[in-house]
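Keep the viewer open while reading.

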Amino acid sequence: MAYGKNVKEILYGGDYNPEQWPRKTWEEDMRLMKKAHINIVTLNTFSWAALQPSEDRYCFDTLDSIMELVRKNGLKVCMATSTGAHPAWMAKRHPDILRTDRSGMKRKFGGRHNSCPNSPSYRKYAPKLAGMLAKRYKNYENIIAWHVSNEFGGECYCENCEQAFRRWLKKRFRTLEEMNRAFYTSFWGHTFYDWDEVVLPNFQSEHFLADGEERTMFQGITLEYRRFMSESMLECFRLEYQEIKKEMPDIPVTTNLMGFYKPLDYQKWAQDMDFVSWDSYPAPKDSPAETALQHDLMRGIKKQQSFVLMEQTPSVTNWQPYNRLKRPGEMRLLSYQAMAHGADAIQFFQIRRTIGACEKFHGAVIDHAGRDDTRVFRELEQLGSELGRLGDVFLEGRTPAKTAIFFDWDNWWALEYSAGPSIRMKYLDAIKDYYMAAFEVNIPVDIIGMADEFDPYKIVVAPLLYMTKPGVEEKIRKFVEGGGIFITTYFSGIVDEHDLVVQGGYPGRLRDILGIWVEENDALPKGEENSFVYKGNLYPAEILCDLMHLEGAQALSVYEKDFYQGMPAITKNQTGRGWAYYVGTRSNHEFYQKFMADIFTEAGIVGTMIVPRGVETAVRVKNDKEIFFLLNHNRESRQIVLDCDYKDLLNGNEYRAGDRIEIEGKGIFILSSQTGKCK
């Protein structure tokens, strides 16, 4: 379980920063949190400067008082290490801790995310503080988790990072000859004859802007630096993790991730985290499917385990261009959506709204008015009461998905750093094309990566699989030969793990599995398109059109115009007992709905429940018992005819198969099946 085996309730709370307030406010906060049914607080997130006012001086008096207060009031604690923002004196005395940006400018003290991950000073002081905190508070039984730093991110291009990168390359490639081969340095006379000749890839060296997008002249070097920087920050996490575990080996340790955050390879990070937690801040324009996809990613990066929603806003963010309020019922709906997709705890940033600096207008449980009769507080109180009634009914419940989407950070980095063929190709857009087609018919999807097996699934989709790293071809081949359905798309199978083109024709190592040969790729500018017919309907072919030849596959659709009129656009190939599909262009949402509906029918996969449009259903299974979440994302109410006998876990009502229930706009139902599995 995310927060430990002894937790028997849904934990509900958030970031609490009493050090920002006079002590007379603390007792009132305790009253308000109790009224809202809050049972956990994250403490000490940004207190490094207060805890360590100088080189050898530490002061824990305020934190001691806070810890005693929350323990007296029965609150559980997720203890943060405070290392997300270093003190001003440290930056002055140890300037190696300051980052250098991609243009080569060295930052001064200010903001946060400003610590160089390869700074000797940072790597000395941050783990030391984490260890001191763990040693001081290890006897507090209400500490149930540790939270290292805060939202690791960004990058650094300083001299320390450059030296560390050279050491990384030497360890990884062993010889200069192998590094030169992997980076293809014979191009443009880039051959390195000494490790110290390698410079960091940024705007001072390899990077340039193309139509506003950052690109690189040597993809291999930049790709390796992305891997190195993600690993550098992960090493900083590990250093603090190890110090905590020396004192409190049985308490789980995490850090808050940020969904599809491009700079860090979370699939690798999750291997070192005891449980996954993340901060969900959907933009007002984001669809329910886009938010659900992020939850599914976070569930997927640690072997489909449950996660903690470490942060969301109760009402409003402050850092978007226009900070729209969450409408009545929206906070509750989004909280249950997180739980429907694997969350075992719901937490907020922040408990009390700060009065200064850049987050003073960010939403909070306790607003500037300090009242318990605001709209937001009443909604929070209602949700807290409901979670208390639910207990542990779905904690550690799993999502029974038979469809998976393959996602890989290396692939994301390499594809979008590439100089060509189209600046319009976006990895996440291709992922969303297929995910939304499943979401809209309420078919659960797992997001998987290189470390995961394909065997549990009937369908595996790998959109824009530009890079085929060692091992992925074998997994795909075994999966299809065993009877699985595999789908990939345009511009797949192009390069190896070093971003070197696989010779012999596209799609490289996948060529025989797919039964095709792709000769050329036609990149279409915005406003231009080709088209194809699928199952009697005409659909657009946009962004990229692969010009392919059949080598055993059958054509399901062909292009309608241009010099490649009549060439295959979509193909299907049998390998062993399974089928491999290739969709050689990008189309519109209507196509993906139709195409994936056919694939689901072929695989015998059906949605969790038949519901009106805009109503999401999801299921978690615990001890062979199904818990169904019905989430109405519409503003208006909808009626649903039940397909099974259910019990309403919030109000105790019982329903029979065929009963009609009405779910209000932004409303939810949580139902337990009464007759075992309904399907």
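## Burial and basis

A residue is called buried under 20% relative accessible area, exposed over 50% and partly exposed in between (1.4 Å probe, protein chains only). By that rule, buried residues make up 60% of the 679 residues in the chain.

The model is predicted: local features need pLDDT of at least 70, side-chain atom pairs count only at pLDDT 80 or more, and totals for chains, interfaces and linings use all residues. Residues are numbered from 1 along each chain as its sequence is written, and side-chain values use heavy atoms, with hydrogens and water left out.

## Overall fold

The chain holds 17 helices and 29 strands. These are DSSP runs numbered from the N terminus: helices are H or I with at least four residues, strands are E with at least two.

How does the radius of gyration agree with that of a compact globule? A compact globule of 679 residues would have a value near 26 Å, and the chain has 26 Å, so the two agree. The radius is taken over C-alpha atoms, and the globule rule is 2.2 Å times the number of residues to the power 0.38. Along its principal axes, the C-alpha trace spans about 75 × 75 × 40 Å.

Contact means heavy atoms within 4.5 Å. Of the contacts with a separation of 6 or more, 72% join residues 24 or more positions apart.

## Surface and charge

The accessible surface comes to about 27000 Å². Carbon and sulfur atoms account for 49% of that surface. Areas come from the Shrake-Rupley method with a 1.4 Å probe; for residues, only the protein chains shown count as cover.

There are 86 positive and 94 negative side chains. Lys and Arg count as positive, Asp and Glu as negative; His and the chain ends are not counted. Each charge is placed at NZ of Lys, CZ of Arg, CG of Asp or CD of Glu. The centres of the two sets lie 5 Å apart.

## Backbone exceptions

Two cis peptide bonds deserve a look. One runs from Phe 349 to Gln 350, with omega near 20 degrees. Gln 350 sits in the loop between β11 (343-348) and α12 (375-390). Another cis bond joins Gly 420 and Pro 421, with omega about 0 degrees. Pro 421 belongs to the loop between α13 (409-417) and α14 (427-439).

Positive phi also turns up outside glycine. Ala 357 has phi of about 70 degrees. Its place is in the loop between β11 and α12, and Ala 357 counts as exposed at 61% relative accessibility. Leu 464 has phi near 45 degrees. Leu 464 lies in the loop between β14 (459-462) and α15 (472-481), and is buried, with a relative accessible area of 0%.

## Aromatic contacts

Rings of Phe, Tyr and Trp (its six-membered ring) pair if their centres lie within 6.5 Å; planes under 30 degrees apart count as stacked, over 60 as edge-to-face and the rest as tilted. The count comes to 43 aromatic pairs. Tyr 261 and Tyr 266 are stacked, 6.4 Å centre to centre with 25 degrees between the planes. Tyr 266 is buried at 0% relative accessibility.

Tyr 466 and Phe 491 are also stacked, at 5.3 Å and 15 degrees. Tyr 466 lies in the loop between β14 and α15, and Phe 491 in the loop between β15 (485-489) and α16 (511-514), so the pair ties together parts 25 residues apart in sequence. Both Tyr 466 and Phe 491 are buried. One aromatic cluster is formed by Tyr 434, Phe 532, Tyr 534, Tyr 539, Tyr 581, Phe 591, Tyr 592 and Phe 595.
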